[in-house]
Amino acid sequence: MKQLTMPLTALALFTLGGCVTNSDLDVVRRDLDELKNRQFQVEKEVGGVRTEATARIESSFKDLDTERAGVRKGLADLQAAMDGIKVDMQVLAGKVDDVGLAAKKPGDDLILLREDLERRLTAFDQRLAKAETGIEALQKKVAEQATSPKETEKPTPEALYQKGLDAYRAGNYGVARESFTRFLEQHPKHELAANARYWTGETYYSEKKFEQAILEFQEVIKNYPGKEKVPAAMLKQAAAFSEIGDAKSARFVLRKLVDDYPSSEEAKRAKDRLKELK
């Protein structure tokens, strides 16, 4: 405003002096135009500063609101954590009470355990007494049987063999095997020895113990050549080889059976089996 006042004062002086020229007026006009431009520029800059200041103030308020929201959230989280700690403290206090109650129980438990043990010992003593009575009765019975003439007689080889055969037919393979084993131990040269060995193999075969059955049938084949049970042992041995998946050995035994005992009933069955194995 001071710059604008000076040209106006000069214009007034020139006018009053009566010696103002056109050139001087042009100078004054240019100064006025320049002052106007400067004033416009200043007002423009002031407006820009005002707008920027306003934007910054608004941004600051927004940041302040954001910070306030974060502080509120932090306070809420802190309060939740405090509440959780209170709950944990209550739970811990309850556990401490439980431990206190548990500490009082062992004495009662020991009393109950002692009473239970006493009852069990009493029952055990009673059972033991009964068992001793039963043992005495059994010993007496055994002594009486030992003096019986019938029991002192040794069973005949045929009776022992028949006992094993009856047990096999009844499905008592363990009992049958025991009888045949006793027979072979006591009468290894008996004419029924080959049969006893064969039926021992049959007990293993019936129990699906095929490897052991193969070995027993081989004992018949090796130790009793010419006996009627040899072809039967070879046929059943081939069947055992087939059961364990050894088709090659099964075919070998069947061919040998056909070659060595061509007129036997087992040889005819062996031929049929060979056709099935091809």
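Start with helix α9, which covers residues 247-260: at 1.5 Å a residue its 14 residues should span 20 Å, and its end C-alpha atoms are 20 Å apart, so the two agree. The expected span here is 1.5 Å times one less than the number of residues in the helix. All of this comes from a predicted model, in which local features need pLDDT of at least 70, side-chain atom pairs count only at pLDDT 80 or more, and totals for chains, interfaces and linings use all residues. Residues are numbered from 1 along each chain as its sequence is written, and side-chain values use heavy atoms, with hydrogens and water left out.

**More on helix α9**

- A250, V253, L254, L257 and V258 are the buried residues of α9 (buried means under 20% relative accessible area, exposed over 50%, and partly exposed in between, with a 1.4 Å probe and protein chains only).
- Look down the axis of α9 and its buried residues fall within an arc of 135°, so they line one face of the helix; the arc is that of the directions from the helix axis to the C-beta atoms.
- An α-helix has 3.6 residues a turn, so residues three or four places apart point the same way.
- Over on the other side of α9, you'll find K248, F252 and D259 exposed.
- The cover over the buried residues of α9 includes α8 and α10.

**The whole chain**

- The chain has 10 helices and zero strands (helices are DSSP runs of H or I with at least four residues, strands are runs of E with at least two, and both are numbered from the N terminus).
- Follow the sequence along and the pattern reads α-α-α-α-α-α-α-α-α-α.
- The chain has 278 residues, and 22% of them count as buried.
- Take the contacts in the chain with a separation of 6 or more: residues 24 or more positions apart account for 46% of them (contact means heavy atoms within 4.5 Å).

**Helix α4**

- Helix α4 runs over residues 157-169, and at 1.5 Å a residue its 13 residues should span 18 Å; its end C-alpha atoms are 19 Å apart, which agrees.
- Which residues of α4 are buried? They are P157, L160, Y161, G164, L165, A167 and Y168.
- Those buried residues fall within an arc of 160° when you look down the axis of α4, so they line one face of the helix.
- Helices α5 (173-186) and α6 are among the elements that cover the buried residues of α4.
- After α4 comes G171, which has a positive phi, near 85°.

- W199 sits in helix α6, and it is buried, with a relative accessible area of 17%.
- Leaving out neighbours within four places in sequence, W199 is in contact with Y161, L165, Y168, F180 and K229.
- Between W199 and E216 there are 8.9 Å in space, C-alpha to C-alpha, and the two are 17 residues apart in sequence.
- T200 is in helix α6 too, and at 4% relative accessibility T200 counts as buried.
- Not counting residues up to four places away in sequence, T200 touches R177, F180 and E216.
- K208 belongs to the loop between α6 and α7, and at 63% relative accessibility it counts as exposed.
- K208 isn't a glycine, yet its phi is positive, at about 60°.

- Is F217 buried or exposed? At 0% relative accessibility, F217 counts as buried.
- Setting aside residues up to four places away in sequence, F217 touches Y198, G201, E202, A233, K236 and Q237.
- F217 and A240 are 23 residues apart along the chain, and their C-alpha atoms are separated by 9.7 Å.

**The second largest pocket**

- The second largest pocket holds about 170 Å³ of space.
- How is a pocket defined? On a 1 Å grid over the protein atoms alone, where a 1.4 Å probe fits, it is an open set of points with protein on both sides within 12 Å along at least five of seven lines, and lining residues have an atom within 4 Å of a point.
- Grid points are joined across faces, edges and corners, and the volume is the space filled by probe spheres set on the points.
- Its lining is made up of Y198, E202, A232, L235, K236, A239, E266, R269, D272 and R273.
- Helices α6 (193-206), α8 (229-243) and α10 (265-277) are the elements that give two or more residues to this lining.
- By type, the lining residues of this pocket are four nonpolar, no polar and six charged (Ala, Val, Leu, Ile, Met, Phe, Trp, Tyr, Cys and Pro count as nonpolar, Asp, Glu, Lys and Arg as charged, and the others, Gly among them, as polar).
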